[in-house]
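This report describes the strands, helices and ligand surroundings of one protein model. The structure is shown first, and the description follows.

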Amino acid sequence: MLGWRQIWSQSSHGSHSRVEDKRILLIIGGGIAAYKCLELIRRLRERGASVRVVMTAAAQHFVTPLSVSALTNEPVFTDLFNLDDEREIGHIRLSRDADLILVAPATADLIAKMANGLANDLASSVLLASDKPPLIAPAMNPRMWLNPATQRNVRVLKADGARFIGPESGEMAERDEAGPGRLAEVPVLIEAIEEVSDARRLATTVGAAGPLHGLHVVVTSGPTHEPIDPVRYIANRSSGKQGHAIAAATAAAGARVTLITGPVNLPDPTGAETIKVETAEEMLAATERALPADIAVFCAAVADWRIAEQGTQKIKKKKGEPPPALKLVANPDILKTIAGRKKGRPDLVIGFAAETENVLQHARKKLNSKGCDWIVANDVSAESGVMGGDHNRVHLIRKDGHESWKQQSKEDVATALVEEMAREVESSKTKAAGSRSARVKLGKS
Ligand SMILES: Cc1cc2nc3c(=O)[nH]c(=O)nc-3n(C[C@H](O)[C@H](O)[C@H](O)COP(=O)(O)O)c2cc1C
């Protein structure tokens, strides 16, 4: 029988594409961004996925079913009452046959229909008949997105288990319009699809009771932003990719995961409750609120310092005066604070050390000074390409030694770290059982 470690590495991180042989149902809504779906379909097919498409009536004003069909190599489904489609496939089968349903662009209208359970066309009927929560990539004018009605609908759908990718902020197709509402870029959509595929595959292979089932894991990720004034801040180059991958991997291994993240440009990982913060102080407060936890992984690149006195108004440039001097004060040390708790310390506290030189030496010092159990050390010098990159080469340092892992994707680092956590959990269970039986033998129980 395969151990979960083997199953995991075979299922999600082999040499195959993470969406190979996946059947993706793409529901295209009637928005300007519908044209981006053509590129998305090409990229998914390149990765070995099959893509079936349902287009709303409005979507067909923006891209033609003919173009979509040419790219998918499949008929495009547009009509709820098309008898041929009903006989051959039908709206129920369309949703059941799919491994994953993506709505992109999700219009304000489609989001409203989904939130309220309407089913008056093929797209909404398929979504209502689906047995899995959809991935929703909204795209609309910022005022439509920020409208309380849309926000209410989004909250309802999130509570029902739907996962949102974006929208991103920026210039809109309409002149002089900017803000949140742009469809997430194709690579971001693909990344989210791959993550969901990994998580679902793992859940079906190892079952609901993954190796971290029943445990609560808190993960921090991303940079923090420390404001100088209302428009400026100090930040660092952390992308959050490693921390988010750890949150996704721990959730896929069955844990209840709370991810506390600084500002990043990444979709929320599947299966984790994601709490968004900006500053180090907010991150500490959110972490303390998230406790108790069995395991805590501190992967965020927390700013060591913040501005002593933040400007309440934008600091003005004054002619003839020197630039303002920024006075810094120390931020709270989140890792040390949590690792040093007398009450409610997580059983396993893992810190990350980002070093640019003498990586092992500095990391070992950090392990001792912070009071954590393990340190994952990585070289973040500019040459390493780790900050913002997709790969990482880490050393896992424990009190009694260290292991150096090969250069691998951040997802693979996350998987390997979760394996180590699972092994630790197993060994402490065994130790606990051993000491119980020893106490019984000694008549102390
Ligand atoms: C030129 C044009 C662009 C539009 N772009 C969007 C958009 O990006 N997002 C959106 O939610 N609605 C947009 N709409 C409005 C939708 O097309 C309209 O609400 C439609 O009923 C949506 O139908 P569907 O949700 O069934 O696709 C646009 C309309 C027009 C005429």
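Strands β18 (residues 374-379) and β20 (residues 394-398) run antiparallel and are joined by five bridges. Within this pair, Ala377 stands opposite His395 of β20. The model under discussion is a predicted one.

Both strands belong to an open sheet of eight strands, ordered β13-β12-β9-β14-β17-β18-β20-β21, in which the pairing is mixed. Its edges are formed by β13 and β21 (401-404), each of which pairs on one side only. On average, and with direction ignored, neighbouring strands of this sheet are turned by 15° against each other.

Elsewhere in this sheet, β12 (residues 256-261) has parallel partners. Strand β9 (residues 216-221) is joined to β12 by six bridges, and Val218 stands opposite Thr258 of β12. Five bridges connect β12 with β13 (residues 272-276), again in parallel; here Ile260 stands opposite Ile275 of β13. Five of the six residues of β12 are buried, so this strand is largely enclosed by the rest of the structure.

A further open sheet consists of six strands in the order β3-β2-β1-β4-β5-β6, and its pairing is parallel. Strands β3 (76-77) and β6 (163-164) lie at its edges, each pairing on one side only. Strand β1 (residues 23-28) runs parallel to β4 (residues 100-106), with four bridges between them. Ile27 has Val103 of β4 as its bridge partner. Val103 in turn stands opposite Ile136 of β5, and the bridge partner of Ile136 in β6 is Phe164. Three bridges link β4 and β5 in the parallel sense, while two bridges link β5 and β6, also in the parallel sense.

Strand β5 (residues 135-138) is covered on both faces. Leu135 and Ala137 are buried on one side, and Ile136 and Pro138 are buried on the other.

| α3 (residues 65-72) | β2 (50-55) and β3 | about 165° with β2 |

Helix α2 (residues 36-46) has as its buried residues Lys36, Cys37, Leu40, Ile41 and Leu44. Viewed down the axis of α2, these residues fall within an arc of 140°, so they line one face of the helix. After α2 comes Gly48, which has a positive phi near 90°.

The last topic is the ligand. It is surrounded by 16 residues, of which the closest are Gly30, Gly31, Thr56, Ala58 and Thr107. Helix α6 (residues 108-116) gives the most to this shell, contributing three residues. By class, the shell around the ligand holds ten nonpolar residues, five polar residues and one charged residue.

Methods: Residues are numbered from 1 along each chain as its sequence is written. This is a predicted model: local features need pLDDT of at least 70, side-chain atom pairs count only at pLDDT 80 or more; totals for chains, interfaces and linings use all residues. Two strands pair if DSSP finds at least two bridges between them. Two residues are in contact if their C-beta atoms, placed from the backbone, lie within 7 Å. Axes are lines fitted to C-alpha atoms, for helices over the stretch in contact, and angles run from 0 to 180 degrees between N-to-C directions. A residue is buried if 20 or more other C-beta atoms lie within 10 Å of its own, exposed if 12 or fewer, and partly exposed in between; C-beta atoms are placed from the backbone. The arc is that of the directions from the helix axis to the C-beta atoms. A residue is near a molecule or strand if its C-beta atom, placed from the backbone, lies within 6 Å of it. Ala, Val, Leu, Ile, Met, Phe, Trp, Tyr, Cys and Pro count as nonpolar, Asp, Glu, Lys and Arg as charged, and the others, Gly among them, as polar.
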